[in-house]
Amino acid sequence: MIASAIAWLDLSPRAMLFLVLLGAVLLIAPFIANDYLLTVLILILYFAYVGQAWNIMMGFAGQLSLGHALYVGLGAYVSAVLFTRYGVGPWIGVLPAMATAVTCGAAIGFLAFRFRVAGVYFAILTIAFAEFARIGFDHLDFVNASAGLFLPVAQYAHNDLWRLRGSPAMFYYVILAATVLALLICRLLLRSRIGYLWLAIREDEVAARAAGIATFRYKMYAVMISAAVTSFAGVFYAFFYNNLFPEQVFNISRSIEIILGTIIGGIGTLFGPILGAFVLTGLAEALNSAMGHFGLDLPGAKQVFYGICLLLVVMARPHGLWPWLAQRIGVAEPRK
Amino acid sequence: MTALLSLQNVSKRFRGLVAVDQVSFDVPEGMIYAVIGPNGAGKTTLFNLIAGAMVPDAGSITFAGARIDCLSADAVCRRGLARTFQLVRPFPALTVEDNVVVGALLHRRDVASARERAHDLLRRLDLSDKRGQIAATLTLPDRKRLEVARALATEPKILLLDEVMAGLRPTETDRMVAILRELNRKSGLTILLIEHVMRAVMALASHVVVLDHGTMIAQGAPDVVVRDPAVVQSYLGAEAG
């Protein structure tokens, strides 16, 4: 079974070696990293996960969403409400959470694709819906409106994986598994029929239609799958941070953070979102801790740093760091 | 012979301009038809109407016995009518092979068999040795052939070719003519082509439709049409004189 899994991965020996080494380091990380470093790693993997989810829509199908915080927020709120009010655990709650996100994604997609809202206008529409949600949840008493929703925090004697209550190490392994799973899903999608049709739509929608592709339907699939994958990040967010404020989770800056890593790593590539998350979040946290070390307190320094990173990458490596790095270390993905 | 494609009084207006004016003709199954005419005669608009990229203001288009003038471009293609674009539109970042695989996936569920079909077509269109190249890096003649390969991959009953010879050198034109003729002869593929290269039109088409200012001014066998005074005056002009 392992042999067939390796064959399915279809990687060069060198790429396999890198993957095994990386996997080993990530697996033992909680035993060697301190709490702070572990929290940073969780944050990195979180962005690697949502970056991949966003990449399905933008990198594969070419539909620019600038409102992915909507799906994170919906996933977070649905699962948190179910947990705090009805005692429904996260692994059950994730299903209605996904269903809600998919429904919203489908509604936005339907409106946009049915009425030919494309490109920049589509991106604006996605921002608009995330903003609706932010303002709406801010006034929704059922979820405590702007006062925020809190999950009960207590000292846990042991990790309760089923209820996602426990130590950072447990959360680390959960988000690591989710990131790996997302990678496998992305690879499966990209190499299957739907992946080719998405790439065709991304490259030239008119030509895709002329080749018989029902572009409306496949763009809908892209939004819905991306929303579903993203919503799990929301569930994770809620249970890891234990507090939700509409002003924070639905904020447009959240949507921007989701996509930055993928842009820097390489839109449309499989490992780009993961590499981008490590580079961007890793460096930003390093900067943060260095500034803390020197007693500097500069609000907005992280945003400026993100801006500089984006600028550098767009100017020097417009296709992202991963295609360039992969070439350098000899593990290039077949170009898609 | 029954008509595979039939146009009845098809018209299209852009604001004040009548681009296509009451055009009617039939394309029988298994034939190669050509549409000729000066620039701006409405040839590409006519193709866009047939292929579902635009909706006609009046008239009807029937394909294989069913009306297609209300269908979208992708639905028309699924019925078995494939087209190429005058200004070629390959999927630029994909490889030559993957471009054709996309077309072949229309009637195939699994990528492996679509890839097999793509290999076959790339061989037929002399693109086998370039199949790993990114489409954006191809030369114009290769891109034109790629357009034809991708269209053929959708397994059409009729192929609409919009100026696939334009910009090709005479030897390349002859090669394209030979490929198209073979496709027509071996698999009975019906072809409707817009063409300026008269050398190709005369070699391929059994029937020519001439458009001028959106109206059909003549149709018939190529050697008869090129001697028609109206055609000579509006289109061929000095070239024929």
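## Close-up views of a predicted model

View 1. In chain B, strand 1 (residues 3–14) and strand 4 (residues 58–63) pair in the antiparallel sense over five bridges. One of the residues to look for is Ser6(B), whose bridge partner in strand 4 of chain B is Thr62(B). This model is predicted, and the pair belongs to an open sheet of four strands in chain B, which follow the order 2-1-4-5 with antiparallel pairing. Strand 2 (17–28) and strand 5 (66–67) of chain B stand at the edges with a single partner strand each, so one side of each is left without a neighbour in the sheet. Helix 1 (residues 43–50) of chain B packs on this sheet, where it touches strand 1, strand 2 and strand 4 of chain B, and its direction makes about 120 degrees with that of strand 1 of chain B.

**View 2. A second open sheet of chain B has six strands and mixed pairing.** The strands of this sheet in chain B come in the order 6-7-8-3-9-10, and the edge strands, strand 6 (81–83) and strand 10 of chain B, each pair on one side only. On average, and with direction ignored, neighbouring strands of this sheet are turned by 15 degrees against each other. Strand 7 (residues 158–162) and strand 8 (residues 190–194) of chain B pair in the parallel sense over five bridges, and Leu160(B) stands opposite Leu192(B) in strand 8 of chain B. Helix 9 (residues 229–236) of chain B packs on the sheet and touches strand 3 (32–36), strand 9 and strand 10 of chain B, its direction making about 125 degrees with that of strand 10 of chain B. Helix 5 (residues 140–153) of chain B lies across strand 6 and strand 7 of chain B and runs at about 160 degrees to strand 7 of chain B.

**View 3. A hairpin joins strand 9 and strand 10 of chain B.** Strand 9 (residues 207–212) and strand 10 (residues 215–220) of chain B pair in the antiparallel sense over five bridges, and Val209(B) has Gln219(B) in strand 10 of chain B as its bridge partner. Two residues lie between the strands of this hairpin, in which His213(B) takes a positive phi near 50 degrees.

**View 4. Helix 3 and helix 10 of chain A cross in a left-handed sense.** The axes of helix 3 (residues 35–60) and helix 10 (residues 215–241) of chain A come within 7 Å and cross at roughly 165 degrees, which makes helix 3 of chain A roughly antiparallel to helix 10 of chain A. Among the residues that make the contact are Tyr46(A) and Trp54(A) of helix 3 of chain A, together with Phe232(A) and Phe236(A) of helix 10 of chain A. By class, this contact of helix 3 with helix 10 of chain A has 19 nonpolar, three polar and no charged residues.

**View 5. Helix 13 passes helix 14 of chain A in a right-handed crossing.** The axes of helix 13 (residues 272–293) and helix 14 (residues 301–316) of chain A come within 10 Å and cross at roughly 140 degrees, which makes helix 13 of chain A oblique to helix 14 of chain A. The residues that meet include Leu283(A) and Met291(A) in helix 13 of chain A, and Phe305(A) and Cys309(A) in helix 14 of chain A. The residues of this contact of helix 13 with helix 14 of chain A divide into nine nonpolar, no polar and two charged.

Technical notes:
Residues numbered from 1 in each chain as written. Chains lettered and ligands numbered in written order. Predicted model: local features only at pLDDT ≥ 70, side-chain atom pairs only at ≥ 80, totals over all residues. Heavy atoms only, no water. Axes fitted to C-alpha atoms, helices over the stretch in contact; angles between N-to-C directions. Parallel < 35°, antiparallel > 145°, perpendicular 65-115°, else oblique. Left-handed = near helix turned anticlockwise from the far one by under 90°. Contact = heavy atoms within 4.5 Å. Nonpolar A, V, L, I, M, F, W, Y, C, P; charged D, E, K, R; others polar. Pairing = 2+ DSSP bridges.
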